[in-house]
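Colleague: Please take one part of this model and look at it closely. Then link that part to the rest of the chain, step by step.

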Amino acid sequence: MPTKKAKKKTKTSLKKTGATKSSRPAKSGANAKKAAAAGTDPKRVAAILTKLDEAYPDATCELKHDSPFQLLISTILSAQCTDVRVNQVTETLYKKYPTPEAFAHANPSELEQDVRPTGFFRNKTKSIMGASNAILQNFGGQVPRTMEEMLTLPGAARKTANVVLGTAFGIASGVVVDTHVIRISNRLDLTRNEDPKKIEQDLMQVIPKEKWIRFSHQIIWHGRRVCVARKPKCMECNLEKICYSKDKTI
């Protein structure tokens, strides 16, 4: 067992050589593995993007809308709800509430019933009315075109902002991260994070900026059609040969 003198000598020698705890090799293990995904080699990423272009050349947002404002409302309604259901609801919703003014001055109880089929209708009603009021008061009745401004709208987090900015204005402000993107970006080993904000940052590092908008739509389409949560249809997947996910069914 080292004596106090030996311990003191060791500390002194560490100071002389400049060695510190932080300069020692990092520990290996689960934490180290999670730090960076192994599947982000530029050639592999390029191959993934090429395969997505082949499979989904016309991928776009499936929320029906006639204006950036309608897309904003539809995206708010799409939280924890399918696009199909949202489109069913908004088919009559936008006839009843055609403008930001109409939503801002709506009867809350009535609007709640109008959006009830999309789930979480009370919170969504507050967000819709709050966002409509903010657009009228702060942005002259127009949906803002920057991420910073979008994030000031009630109910508009980064996912919603990226959908609206990318689809309505063609502005690549980031990557849309929904449940499909979370699942598939992990399966493809483009990230090893589970937090949406961290996943978006990881994807923005490896996907070229000019591809962010299209990539978001393509991954969402892929998640709905092929790489589903349970029993992904790997036999139908053109990414199968470059995918090494443990969830593969073949």
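Modeller: Start with Asn-162, which sits in helix H10. Helices (DSSP H or I runs of at least four residues) and strands (E runs of at least two) are numbered from the N terminus. This is a predicted model, in which local features need pLDDT of at least 70 and side-chain atom pairs count only at pLDDT 80 or more, while totals for chains, interfaces and linings use all residues. Residues are numbered from 1 along each chain as its sequence is written, and side-chain values use heavy atoms, with hydrogens and water left out.

Is Asn-162 buried or exposed? Asn-162 counts as buried because its relative accessibility is 4%. Buried means under 20% relative accessible area, exposed means over 50%, and partly exposed lies in between (1.4 Å probe, protein chains only). Now its neighbours. Leaving out residues up to four places away in sequence, Asn-162 touches Met-147, Thr-167, Ser-173, Gly-174, Val-175, Val-176 and Glu-200. A contact here means heavy atoms within 4.5 Å.

With six residues, H10 gives the most to the lining of the largest pocket. That pocket holds about 940 Å³ of space. H4, H5, H8, H10, helix H11 (179-187), helix H12 (196-206) and H13 each give two or more residues to its lining. The lining has 42 residues, and Ser-78, Ala-79, Lys-159, Val-177 and Asp-178 lie nearest the centre. The search uses a 1 Å grid over the protein atoms alone: a pocket is an open set of points with protein on both sides within 12 Å along at least five of seven lines, a cavity is a set where a 1.4 Å probe fits but cannot get out, and lining residues have an atom within 4 Å of a point. Points join across faces, edges and corners, and a volume is the space filled by probe spheres set on them.

Next, H4, another helix of that lining. H4 is mostly covered, with nine of its ten residues buried. Those buried residues are Phe-69, Gln-70, Leu-71, Leu-72, Ile-73, Ser-74, Thr-75, Ile-76 and Leu-77. What covers them? H10 is part of the answer, and so are H5, helix H6 (100-104), helix H7 (108-115), helix H8 (121-138) and helix H9 (147-150).

Follow the chain on from H4. Gln-80 lies in the loop between helix H4 (68-77) and helix H5 (83-96). Gln-80 has a phi near 55 degrees, a positive value in a residue other than glycine. Most residues other than glycine have a negative phi. Gln-80 counts as exposed because its relative accessibility is 68%. Lys-231, in the segment after helix H13 (212-225), has a positive phi too, near 50 degrees. With a relative accessible area of 74%, Lys-231 is exposed.

Go back inside. Val-175, a neighbour of Asn-162, is also touched by Phe-215. Phe-215, Phe-103 and Leu-111 have the most contacts inside the largest nonpolar core, a set of 60 residues. Such a core is made of buried Ala, Val, Leu, Ile, Met, Phe, Trp, Tyr and Cys residues joined through side-chain atoms within 4.5 Å.

Cysteines come next. The model has two cavities of 30 Å³ or more. The largest cavity has a volume of about 150 Å³. Its lining has 16 residues, with His-222, Cys-227, Cys-234, Cys-237 and Cys-243 nearest the centre. How many disulfides are there? The count is zero, where a disulfide is a pair of cysteine sulfur atoms within 2.5 Å. For Cys-237, the nearest cysteine sulfur is that of Cys-227, 6.3 Å away. The sulfur of Cys-243 is 6.5 Å from the closest one, in Cys-234, which is too far for a bond. Cys-237 is buried at 17% relative accessible area, and Cys-243 is buried at 15%.

Last, the whole chain. It has 13 helices and zero strands. Of its 250 residues, 41% count as buried. Mean pLDDT (the predictor's confidence in each residue, from 0 to 100) is 89, and 86% of residues reach 70 or more. Residues 4-33 stay under 50, and the model gives them six contacts beyond four places in sequence. Where pLDDT is low, the predicted coordinates should not be read in detail.
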